[in-house]
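The following paragraphs lead through a structure from chain to interface to individual residues. Please keep the sequence and the coordinates at hand while reading.

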2 protein chains.
Amino acid sequence: MAEPNAEERDPEAVSRFVEGFAAQLVEAGMQRMPARVFAALLASDSGAMTSAELGEQLQVSPAAVSGAVRYLAQQHMVSREREPGSRRERYRVHSNQWYEALTNRDAVLKRWELALRAGVDSLGPATPAGRRLSETLAFFEFVDGEIAAMMERWRAHRETLFGDGT
Amino acid sequence: MAEPNAEERDPEAVSRFVEGFAAQLVEAGMQRMPARVFAALLASDSGAMTSAELGEQLQVSPAAVSGAVRYLAQQHMVSREREPGSRRERYRVHSNQWYEALTNRDAVLKRWELALRAGVDSLGPATPAGRRLSETLAFFEFVDGEIAAMMERWRAHRETLFGDGT
DNA sequence: CGCTTCTTTCAGAAATTTGTGAAGTTAAGG
DNA sequence: CCTTAACTTCACAAATTTCTGAAAGAAGCG
C-alpha cells in the first residue's frame, strides 16, 4: 500500500478503488455505469462531482454520465445540486442518504410481496404451493418491519462510532 | 380471479404467477432464466421439479434449465436430489432454505466490505474520502451483525404463525 | 457390457444491453 | 434577445449476454 497523504490524491489509487468497488456492485446486479459513477462520487473528497469531472475520471461521454445520474437520482442514491453561478450541475452523495437509499430496496420487497399475494390468491391459500408462497410472503413482511427498526439502531450506533455527525 | 381448487391446478394461473414473480426478481438484478426456474419451483405443489418438467413449463431447452439450475445451486437457492430409481434429477426449494439463501447475500456484503477496506487503506483513513468510506464500511459491518439476529427472530416469529413446521 | 435415458458442455445465432456522437433543449450572461 | 455553456435525448454501432441445437458424458438396466 502506498503511503496515503492527505495533501495529494493518487489518481491511480482512486481509480483502482472506483473500478474495484463498482465491479462488486455490478456483480450484485447494478448496471455498470451507475455503479462506476456512484463509486467515483463515494471516493471523492467533497462527495460531489460535476458531469465533466465524472466524464474525465471514468473516461466516458457526457451522455453516459447523464444516463447514469438519472438512474442514481431515481434510486435516491445521489442528489443534484445547481451551483447558483453556473448552469453546471453537481451530483452528490450525502454520507447517510446513500445507505438509507440502499435500504430503499424496500420498494423491491413491496413489489415482491405484491406478486406473491397474487400468487397465493390465484393458486389457492389451501394448496401446498399456496402455503409455500404464503410463508415466503410472511417472511418478507417480517423483514419489512425489521428493517425500519434496524436503521433506527444504526443511527444510534453511528453516534457512538463517529460522534454527532449533524 | 378464478376459483382456486385444490384438485386441479390451472396451468395458466401458474404461468402468470411464475412469469410475474420472475420478472420482479429480474428487475432486482437476477438473471432471467434462474429467476424463472426458481419461481416455477416456488409455485409447484411438491416444491420440486425435474428438468423435463421445468423445460415444459417454461418452454426452454434442457440446456437452459441446466445452466439456470447450476447457478441456483451455487447460490444455495435450490438443492439437487437424485431419485434412486432413475438418473432423472429433481431440483427442490426447501421452504426455509430459500430465504435463508436470499439472506446469504451476506457473501455480497463481505465482498463490498473488502473493497471498501482497500479503499480506506489506499486513500488514507484521515482523508475526507477515506472517512466517507469508513462510515460506509461501518454500516455494512453493522448490518452483517444485525442480519443474523434478525433471522433468529424470524424463526421464532415463524413458529407463532405456522406452528412447528419441522 | 452395450443400450438407453438423462444431463452437461460448447460453439454459434439471436436478442438485448450499453455507450457514443450528434442534434436538440434549457438557461445564464452579455 | 442573442450567444454560449451546459445537460439531455435519440438513433445507431458495438459489445455482451442469453439461449439453442448438437454432440459428448454419466449412470441405470437388461
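Helices (H or I, at least four residues) and strands (E, at least two) are here DSSP runs, numbered from the N terminus. The model is a predicted one, in which local features need pLDDT of at least 70, side-chain atom pairs count only at pLDDT 80 or more, and totals for chains, interfaces and linings use all residues. Residues are numbered from 1 along each chain as its sequence is written, while chains are lettered from A and ligands numbered from 1 in the order in which they are written.

Chain A contains seven helices and three strands. Read from the N terminus, the order of its elements is α-α-β-α-α-β-β-α-α-α. With a radius of gyration (taken over C-alpha atoms) of 20 Å, chain A is well over the 15 Å that the globule rule (2.2 Å times the number of residues to the power 0.38) gives for 166 residues, so it is more spread out than a compact globule. Along the principal axes, the C-alpha atoms of chain A fill a box of roughly 65 × 40 × 40 Å. A residue is called buried if 20 or more other C-beta atoms lie within 10 Å of its own, exposed if 12 or fewer, and partly exposed in between, with C-beta atoms placed from the backbone. Of the 166 residues in chain A, 27% are buried. Two residues are in contact if their C-beta atoms, placed from the backbone, lie within 7 Å; among contacts in chain A between residues at least 6 apart in sequence, 44% join residues at least 24 apart.

The two protein chains meet through 49 residues of chain A and 49 residues of chain B. On the side of chain A that touches chain B, helix 1 (11–27), helix 6 (106–123) and helix 7 (128–162) of chain A each supply at least two residues. Helix 7 of chain A gives the largest share, 15 residues. By class, this side of chain A divides into 29 nonpolar, 13 polar and seven charged residues, where Ala, Val, Leu, Ile, Met, Phe, Trp, Tyr, Cys and Pro count as nonpolar, Asp, Glu, Lys and Arg as charged, and the others, Gly among them, as polar.

Two of these helices can be followed residue by residue. Helix 1 of chain A has 17 residues and spans 24 Å from its first C-alpha to its last, close to the 24 Å expected at 1.5 Å a residue, the expected span being 1.5 Å times one less than the number of residues. Its buried residues are A:Val14, A:Phe17, A:Val18, A:Phe21, A:Ala22 and A:Leu25. Just after helix 1 of chain A, A:Gly29 has a positive phi of about 110°.

Helix 6 of chain A, with 18 residues, reaches 25 Å between its first and last C-alpha, close to the 26 Å expected at 1.5 Å a residue. Here A:Ala115, A:Leu116, A:Gly119, A:Val120, A:Ser122 and A:Leu123 are buried, and they pack against helix 7 of chain A together with helix 1 (11–27) of chain B. A:Gly124 follows helix 6 of chain A and has a positive phi, near 100°.

Within helix 7 of chain A lies A:Trp154. This residue is partly exposed, with 19 other C-beta atoms within 10 Å. Leaving aside neighbours within four places in sequence, A:Trp154 is in contact with B:Phe139 and B:Phe142.

A residue is near a strand if its C-beta atom, placed from the backbone, lies within 6 Å of it. Around DNA strand C there are 22 residues, of which A:Met33, A:Ala63, A:Ala64, B:Ser51 and B:Ala63 come nearest. Helix 2 (32–42) and helix 4 (62–74) of chain A, with helix 3 (51–58) and helix 4 (62–74) of chain B, each give two or more residues to this surface. Helix 4 of chain B gives the most, five residues.

DNA strand D is surrounded by 23 residues, the closest being A:Ser51, A:Ala63, B:Met33, B:Ala63 and B:Ala64. Helix 4 of chain A supplies the largest share of the surface near DNA strand D, six residues. That surface divides into eight nonpolar, nine polar and six charged residues.
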